[in-house]
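User: I would like to learn how to read some features of a protein model. Please take them one at a time, with the general idea before the case.

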Amino acid sequence: MKDSEFIASVQEVLEQIRSIVNSSAAWNNRFREGISSLQDEMSSPCVLAIAGKVKAGKSFLINALLGVDLAMTGTTETTATINVFKKGRPFSKDKPVLCQYVDGRKEWCTTAFLDSLQGTSEEALRRTAEIDKLIFYIDDNPILEDITLVDTPGIGAEVGEDGDSHQIQTDSYFKLRERHQQDTISLSNSADAILYIFNTVPTETDRNFLSSLYDDGKGLTAINCIGVLSKIDKDINQINNIKKFEAAFDRNVFAILPTSAALTRLLPDAQWAYRFQQIMKSGFAGEKYFNLAIGSQKAYLTEKLPGCTLTLEQRKSLLKEFNKDIDDAPWNIFAFVAREIYNSTDINASIQRLEDIAGVSRLREIINNHFFSRSRLLRCNKVLSELKRIITTIMYDETYFEAEYLAKNKDRFIQESRSLSAEAAKVIGGLIQKYIPSEKDIIRQKSNIEQVKDRIEQLQGKLSTINDCYLAYEKMTQAKDQFTESEINELSTLFSGKAITVDPIQRFKYWSAMYNCSEPNSIRQIVARAARAQYNTHLHDKSRTN
């Protein structure tokens, strides 16, 4: 099934449920708003939420992704607001952010107002408690063409009223507490996909949070979650542990990418790097003295340094140039880059290595390939889950059971109403005829509801297969050296949904054998499992056709 056909099928099911909901006043009152929201969401950008621990670098990463400094950052815990970044134009330069309050009020706010929300003072927390979300509208930003970014407050803050405010807001956004649980469904308060920020080393807090989202397979799956190991510049050796982290979180995240948003923001160009290297090489008597100076900011800014002919003003000037007038630029980034450039034998290669370590370009690429190209399927996944919840709720609703009882006793009710006065009998009988359906209608309605539920489950199964194929294809393209050229050509055709020309029985046997002899949870086994399942589907489709 092509993506366009799948999306059309989801829209068809959505319309069927809308018709079912409209057939009952009770269901209509309860689910009308949610159905309308789902219809709007089918044509809206998907929501990509940024989640992770407090002070893990979420806001720095968002700024790096967007290419502009909009997300609030700070050395202390920022306040517990949900910040939304979406395509559009702000009201004015003086009031660039739309503030939506919990009580429904909306107003355009100044940057001074945003500054007043920083920190965890009593006043800042009071103001934050009144806010539902802050919306930043940005025009002409490629990353926001298909996706709305959401910066969530963070988890794992210090306990107590101040710290818990972050946890409450984050839990409510992801529907982990009861605050945002509603009978009518609103997708504006949940995410289609997540970038989860690990703070240097994954912890049990990270595992618990991601497991709660996964919800034993009923919630967000690994295919829709990318892990980001932030601040990699603090311990570059952690890159060597990525595969171990991915194995530990394989059920929760698609991949874990090392990044440094600060390094991305301060990445020097080759011209500056050449000049910097020349100045440092000539200004220090040798590498020993250079390393002594770069060991700490205090040492670097000492008036007189051993083995150094550079004045304090010259060193300050180099540091200021590197920091690009950013007041909160971290010293460790300068030191990290300085060592790389000082020891470089190929400046361009060193700049590329720094960009690779920064990781944001690679992350943008993954987001583009993993989310943008799949954004409508991601939305279908969320919509199908919500539709199944609605239809299941209807099937266990009192109205569902009461309708059958009323239909079976409709004739008796009409008969008994005739014992009333002629006028009353006419009115009551008319109401019974109008509002109580026949038993035949009820049987037909229940059959329709059960068929729609079955259709939702079928579509969810197909979407799961699509996701498995996508995951396997992505894994394969990242490790082409583990596959032969003929295998790559075969799998590219198989996973793309194109017509296959090979014998599905023979290829099913081949990939089954490959699955059995591959290392558990290895890329080859993941790909072999998906290929085997896909050929099995072809065999079933062929048998049904025959």
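Predicted model: local features only at pLDDT ≥ 70, side-chain atom pairs only at ≥ 80, totals over all residues.

Analyst: We can start with helix packing.

User: At what angle do helix α1 and helix α17 pack, and how far apart are their axes?

Analyst: The general idea is that an angle under 35 degrees counts as roughly parallel. Here α1 (residues 3–22) and α17 (residues 375–395) pack at about 25°, with their axes 10 Å apart; the two helices are therefore roughly parallel to each other. The crossing of α1 past α17 is left-handed.

User: Which residues of α1 and α17 meet?

Analyst: From α1 come Asp 3, Phe 6, Ile 7, Val 10, Val 13, Leu 14, Ile 17, Ile 20 and Val 21. They meet Arg 376, Leu 377, Cys 380, Val 383, Leu 384, Leu 387, Ile 390, Ile 391 and Ile 394 in α17. Sorted by class, this contact has 16 nonpolar residues, 2 charged residues and no polar ones.

User: What classes of residue make up the contact of α17 with α21?

Analyst: By class, the contact of α17 with α21 has 13 nonpolar, 4 polar and 4 charged residues. On the α17 side, the residues include Leu 377, Asn 381, Ser 385, Lys 388 and Thr 392. On the α21 side, Glu 450, Lys 453, Glu 457, Gln 460 and Leu 463 are among them.

User: Which residues of helix α16 are buried, and where do they sit around the axis?

Analyst: Buried means under 20% relative accessible area. In α16 (residues 360–372) the buried residues are Val 360, Leu 363, Ile 366, Ile 367, His 370, Phe 371 and Phe 372. They cover an arc of only 165° around the axis, which puts them on the same side of α16.

User: Now single residues. Is Asn 323 buried or exposed?

Analyst: The test is again the 20% cut-off. Asn 323 has a relative accessible area of 14%, so it is buried. Asn 323 lies in helix α13 (residues 312–323). With neighbours within four places in sequence left aside, Asn 323 is in contact with Leu 266 and Ala 329.

User: And is Lys 288 buried or exposed?

Analyst: Exposed means over 50% relative accessible area. Lys 288 has 60% relative accessibility and therefore counts as exposed. Lys 288 is placed in helix α11 (residues 287–294). Its C-alpha atom is separated by 8.8 Å from that of Gly 307, a residue 19 residues apart from Lys 288 along the chain.

User: Where are Asp 140 and Asn 521 found?

Analyst: Asp 140 is in the loop between β5 (131–138) and β6 (147–151). With a relative accessible area of 65%, Asp 140 is exposed. Asn 521 is in the loop between α23 (504–517) and α24 (523–545). Asn 521 counts as exposed at 57% relative accessibility.

Key: Residues numbered from 1 in each chain as written. Heavy atoms only, no water. Helix = DSSP H or I, 4+ residues; strand = E, 2+ residues; numbered from the N terminus. Buried < 20%, exposed > 50% of the residue type's maximum accessible area, 1.4 Å probe, protein only. Axes fitted to C-alpha atoms, helices over the stretch in contact; angles between N-to-C directions. Parallel < 35°, antiparallel > 145°, perpendicular 65-115°, else oblique. Left-handed = near helix turned anticlockwise from the far one by under 90°. Contact = heavy atoms within 4.5 Å. Nonpolar A, V, L, I, M, F, W, Y, C, P; charged D, E, K, R; others polar. Arc of directions from axis to C-beta.
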